[in-house]
Protein chains: 2
Amino acid sequence: MAQHLVTFHLDDPALGAHAPLHPVHVPTGTLLTEAAHTAGVEIVQPCGGQGRCGRCAIHVTKGEVRRRSMLRLTAEDVAAGYALACQSVVEGDVSVTVPPQEKIERRLTTDRVVAEVEAPIGYDARSLQTVQRVSLLLTPPSMDDQTDDWSRLVIALRQHVNVEQVDVSLPLLRRLGSILRDSEWNATAILDTHHALRTTLLDLRPVEPPLFGLAIDIGTTTVSCWLVDLISGKVAAQAAEYNGQIARGEDVISRIIYASKNGSSAEMQALVIATINSLIAAACEKAKVDPQDIFKATIAGNSTMMHLLLDIPAASIRLAPFVTAINHVPPLKAIDLGLKINPEAAIDCLPGVASYVGADITAGVLSSGMGDAEQLTLFMDVGTNGEIALGNRDWLVTCACSAGPAFEGAGVVNGMRATRGAIEEVWINGETLEPTYRVIGNAKPRGICGSGLIALLSEMFLTGLLDKGGNLNSSLMIEEEDDLHFASPEKSASVGVSVRGKTRRVRQGEHGLEYVVAWANETWHGKDIVITYVDVDNLLRAKAAIYAGYTVLAERVGVPLESVERFLIGGAFGKYINVEKAVQIGLLPDLPWEQFQFLGNTSVKGAYLALLNRNERERITQIASRMTYIELSADNSFYEAFTSALFLPHTDLTKFPTVAQALEKN
Amino acid sequence: MAQHLVTFHLDDPALGAHAPLHPVHVPTGTLLTEAAHTAGVEIVQPCGGQGRCGRCAIHVTKGEVRRRSMLRLTAEDVAAGYALACQSVVEGDVSVTVPPQEKIERRLTTDRVVAEVEAPIGYDARSLQTVQRVSLLLTPPSMDDQTDDWSRLVIALRQHVNVEQVDVSLPLLRRLGSILRDSEWNATAILDTHHALRTTLLDLRPVEPPLFGLAIDIGTTTVSCWLVDLISGKVAAQAAEYNGQIARGEDVISRIIYASKNGSSAEMQALVIATINSLIAAACEKAKVDPQDIFKATIAGNSTMMHLLLDIPAASIRLAPFVTAINHVPPLKAIDLGLKINPEAAIDCLPGVASYVGADITAGVLSSGMGDAEQLTLFMDVGTNGEIALGNRDWLVTCACSAGPAFEGAGVVNGMRATRGAIEEVWINGETLEPTYRVIGNAKPRGICGSGLIALLSEMFLTGLLDKGGNLNSSLMIEEEDDLHFASPEKSASVGVSVRGKTRRVRQGEHGLEYVVAWANETWHGKDIVITYVDVDNLLRAKAAIYAGYTVLAERVGVPLESVERFLIGGAFGKYINVEKAVQIGLLPDLPWEQFQFLGNTSVKGAYLALLNRNERERITQIASRMTYIELSADNSFYEAFTSALFLPHTDLTKFPTVAQALEKN
């Protein structure tokens, strides 16, 4: 096959403009992303290489590539030589300039993110913890007692632990003799007693070590890791970081598509393992803990994250009839996954229920306590996806709705995650239609995050900028003749003057009507921050999916939504939203505010409980078995409910009495 | 540290004399064996590098080395530049010529070695075999049944197998989904059901495979491997080969010493694994079996071999109080050891009893049937070591005696293993004192193997060449004045004439008196084959250790040796010896010949039974628990018995009435 020369230039100011890389030879038909990988450049592919997001655009400066898709590129872009790296194949020698790749900034660790975690009240390591240490005083071997080392150890263990069989790995067996002799037959055994009949020897130490464990939540966006003292139950350190897979897809579907490509599955596993290992290193550094003293890790995460962690093919998750390869993962060891803790450490992947209701939800339901509650409770985890559980101690049903990551900023022109520079709260003056906003980190705004988008939609709706159907009110746009009064649009904006109830902020953009939230001179990048008609549509679809999700779920079990006594919201997303505004756009039902409760990352909290307490761990298995999964995509009523919810707040305003009241006031 | 240049020349006729190798740089103090390893030459070290055997001698042709030991080298050797590679360190630039290294010839596969093995009568794979295959007809997933692949499989399995928990490895889990879909949900599960509560999924196949297993005996000298059809129970192929560790020590002590050196433990493991893998490949080739269809391997071997196989430190085996690291090895998988069969195949290392009574003996006792017999039975396995078990279905005792490998040819100037060119039987004419002999493979003799040595000792004793104490009768030597009658010694020998009952074959050699078994002109290498005073002494010590072993064992349990009803002899060594002659030298007790029975390789036979039959496997565990180990080195009566047995046949001739009779006749 013909070979072509591809030269990449990095448009990185730090390297000097257009620093050229060593050219690579690739065969005809090679994707530019692959050629870049060969050249040592990783081009971010937020949609997993599907050609949908447009964020892998590069600039072909010499030669030509064949563009299989040009979605998200304008005719001018293409004429200027831009192409999507994930959709363009090499058919001749080319030079390519790679724009600066999106840098993911570290999540701000404000007091809102890292909270002090209290050890569960009454935690008793001796009775509840599966990892136990046992100090042994062995009789040394002699000519009168030539028992082998292993049997000698097992006999001594049986004096402390009621166990039939003791499992041990070959690598540990190899170290056994020298540890016993180094400790002068007075060693400490670290045991995993999670299985009633089979105890596993995790380690043997000459000196009694502390016992640590990890509670890990692998989110599609963020991975969280708590380092836990298994004796006191206290959290010694917390660390969180973006999931290293993000550059290979921002949502689970994109990740599955990327991972299904030849060889990419192992790459995806390596990326998330690297993320976890860096969190472990950071947490251990912070708390001055030796990673070898970590003997257990309890992992939660959605089903796709769990499959990718284990490098188990996830393709069946996204294809009808949407089944996982496995929901209850057998016990593993750290060494099986390459986690940099004690190699024998027990890895406990919490059980999931279905393709889109994973261990993050079973862990969340556990930490919410709804499975033991008398009150009818609705639990909702809105992260990159939306999962819902409804029930109480007698019954539990669950469903998932593909809300998509719109509220995390994807599919929204100026959307972004809740990091420094994100507009997180917006107020719009009903008279002037001028916004004021709050930015995370008190920085110049770079975009709008989920809570900002909810506030924006709500404010635009209540001020009449948006109608019930989500359409921007074009009559508020300043026409040519109105414009004569002003010297410059910036001036008009900066002084906050509108023309007879009209505003220059409503305008015709490339994608139709848009509203300008921040003018270029206020922003970090010197470009206007807007919300477009398309953005609003995407956000409405996301909120409608979530609303339809819990209403249909309630309907299916014959429970009116109004009878829900507690409405619990988990997930990082849920932590910052304004309930009033979320109700106003019809994302949350119109219930008394005191019934809503934000629980934060319920997944890692559930993992933490399961890590500490064998009864809680058993309860998660019961929750996974008890929850009846309802497949919404197979349900006609879901589509109807979805369509009805594609309005602000809903086609049926009687479902939102407080919103109707607010509208009347305006 | 100072570096020196070492140049090795191989004295290999095939390469042209003294082919020089690329010189290597090594620091001061490097052993020549290590320098050779660096240069890519492996110098055989039959004693494991202890400097005891003298077989690693090399020729220093330029420069000087420091000789830490010169054992087994004559003053002339040293003057001529010879040195022991394992005992000589580099202190300056040197050139070294390496003589041709001992080539281990493949064991002759005559009818005596490979025997047809009958499958056990009444073998029923369904009830007795732990590896089972189950054909499954699964309902494909649908929108109404979104059960995950793994649960779907487990539910289907439970319809066939009564099992609580099914274990599965991560690599197999990764292949699960595609196998189920490729087979259109009609796959065959291969299960390991050895544990009552925990079934392990070994493989899943779209098409039902045959089930094969391996019975393996890792002998110190020879590794034997039987490829077995687990359904019919038939042996499909057999293969045997020298243990690849031989060049690193010929006996277990030498191997342990070698393995205890830095990093050599992994090398020892790699050597025996390579041997086993080559046997598996050969057996599979012979029987046209796909190694992926081998799902189980049952392994027997002495405790040192088992430790070295698993790369578990064996040092404590040779140091008082002589304990192993482990006797009951937990279940392993092929992939843990790098065996080239199905990676999930169950590896079952049979249990041992003590440092010197290993799984080869428990397997041997099983295959001998003595554990179920009414008759008092003595079982003896003479290989590189000598192990003895005594008892019946009510009780079992066992001991080991460090006989050493003299009967395998080590420590005997012209000793060799039972391969082509070995003198295996000798007769000496009482009148002329001229020997006749039989050579394995009808070749020119190269040395004398175990059975030949026994015959030689016996004949020399009965013809008066040796006295009771093992001394060569110097009065039979032809003195100077006698010599005048002959033109040349060779002529005298070839015509077989002796001088007045004297013989030129008895002569003064370098190591004292010796007897010439074959003259140079008859032999393969053109050198005389002799047995020396030192050789006789080594052989007497070996036979005395064995005799003392079983007599003391019998004494210790208060059973007269004469009451033994069956005397079973296992091990390759035992297969070829002449009972009459073995009794005459006092190696075997003077019992009626019909009580002796040669069982061949009882270790591999026991492994074969355990491989096929779960009850037999359980019985081996019971045998290992039942056998009371008696440590002879802690026993004063052993030393007395040993000293008394250092005679031909024994100090107390009343213990050997038939020998006394024979001596009277002569």
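Modeller: Gladly! Let's begin with a word we will need: two groups are in contact when they have heavy atoms within 4.5 Å of each other. Helices (H or I, at least four residues) and strands (E, at least two) are DSSP runs, numbered from the N terminus. The model is a predicted one, where local features need pLDDT of at least 70, side-chain atom pairs count only at pLDDT 80 or more, and totals for chains, interfaces and linings use all residues. Residues are numbered from 1 along each chain as its sequence is written, chains are lettered from A and ligands numbered from 1 in the order in which they are written, and side-chain values use heavy atoms, leaving out hydrogens and water.

The part I have picked is helix H20 of chain A, residues 636-644. Its buried residues (under 20% relative accessible area with a 1.4 Å probe, protein chains only) include A:Phe638, A:Ala641 and A:Phe642. Looking down the axis of H20(A), the buried residues fall within an arc of 105 degrees, so they line one face of the helix; the arc is that of the directions from the helix axis to the C-beta atoms. As a reminder, an α-helix has 3.6 residues a turn, so residues three or four places apart point the same way.

What do the buried residues of H20(A) pack against? Their partners are strand E21 (396-401) and helix H15, both of chain A.

H15(A) spans residues 533-556, and its axis lies 8 Å from that of H20(A), at an angle of about 135 degrees. That makes the two helices oblique to each other: under 35 degrees counts as roughly parallel, over 145 as roughly antiparallel, 65 to 115 as roughly perpendicular, and the rest as oblique. Axes here are lines fitted to C-alpha atoms, for helices over the stretch in contact, and angles run from 0 to 180 degrees between N-to-C directions. The crossing is right-handed, with the near helix turned clockwise from the far one by less than a right angle.

On the H15(A) side, the contact is made by A:Arg541, A:Ala544, A:Ala545, A:Ala548, A:Gly549, A:Thr551, A:Val552 and A:Glu555, while H20(A) brings A:Ser637, A:Phe638, A:Ala641 and A:Phe642. Together these residues divide into seven nonpolar, three polar and two charged.

Methods
Nonpolar A, V, L, I, M, F, W, Y, C, P; charged D, E, K, R; others polar. Buried < 20%, exposed > 50% of the residue type's maximum accessible area, 1.4 Å probe, protein only.
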